[in-house]
Amino acid sequence: MQTDGQRVDGLLSDSSMADSAPNRTQEGKWQKPRFSRKSLMKCCLVKWIISNTAPQGPDDSSDSELELATVRHQPEGLEELQAQTKFTRKELQSLYRGFKNECPSGLVDEETFKTIYSQFFPQGDATTYAHFLFNAFDMDRNGSIRFEDFVIGLSVLLRGSVTEKLRWAFNLYDINKDGCITKEEMLAIMKSIYDMMGRYTSPSVKEDAPFEHVEKFFQKMDRNRDGVVTIEEFIETCQKDENIMSSMQLFENVI
């Protein structure tokens, strides 16, 4: 990750980092944001990982490969993960320590996701959203997430291109993974986000707000009026419509 021409080498680095750049240029065109340590730490999953990271000793970096072998489900090597993600080696080491401390088996389950989000959103009910989010990470659909799948997903969400993030968002909304989004699926995701945020958010949210959002989105996204939204329709509409793109970013703020 580059910030003002300087490479940032770790999530736990004490060096100051610039805030994220604006998401749009003066001409109004979408621009990929630069993520600072401050913006990284807004991610609930990163907060959870970092809070469970053990203190780093002088020999920890050289021992990272040995650490990776201590779990039952051994992840891929650091070099391979570094090639597959946009995290640095030190960032991957930090993320792995926290993951290992919280999940010694090398796997995270759905109940862990529910616990994480109930802690960060105590004012609402995060159960349903955590379920949907877990399924988006659980690409194998086997009820557990390995470290490598977890960190690859985080890399897309935090540092992926606009198109990569939209593909990930589409996967989240496509609950049954059949390659298209129905109005019912989008409403279920939207409602779960509003339920998690709670009734007492400021400014207050109308009870029918999720339904209104979905109706507006589908009117613009379902271009051939067949009752479903394909990934091509989803990405094209989001990239062309600034209002929808801004609304779609809602899910980024609750990852």
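A contact here means heavy atoms within 4.5 Å. On that basis, residues 24 or more positions apart account for 65% of the contacts in the protein chain that have a separation of 6 or more.

The model is predicted, so local features need pLDDT of at least 70 and side-chain atom pairs count only at pLDDT 80 or more, while totals for chains, interfaces and linings use all residues. Residues are numbered from 1 along each chain as its sequence is written, and side-chain values use heavy atoms, with hydrogens and water left out.

Chain totals are set out below, where buried means under 20% relative accessible area and exposed over 50%, with partly exposed in between (1.4 Å probe, protein chains only). Accessible areas come from the Shrake-Rupley method with a 1.4 Å probe, and for residues only the protein chains shown count as cover. Helices (H or I, at least four residues) and strands (E, at least two) are DSSP runs numbered from the N terminus.

| Property of the protein chain | Value |
|---|---|
| Secondary structure | 13 helices and 6 strands |
| Buried residues | 46% of 255 residues |
| Accessible surface | about 13,000 Å² |
| Carbon and sulfur share of the accessible surface | 49% |

Helix H6 spans residues 110-120, and its residues Glu110, Thr112, Phe113, Ile116 and Tyr117 are buried. Seen down the axis of H6, these buried residues fall within an arc of 155°, so they line one face of the helix; the arc is that of the directions from the helix axis to the C-beta atoms. Glu111 and Gln119, by contrast, are exposed on the other side of H6.
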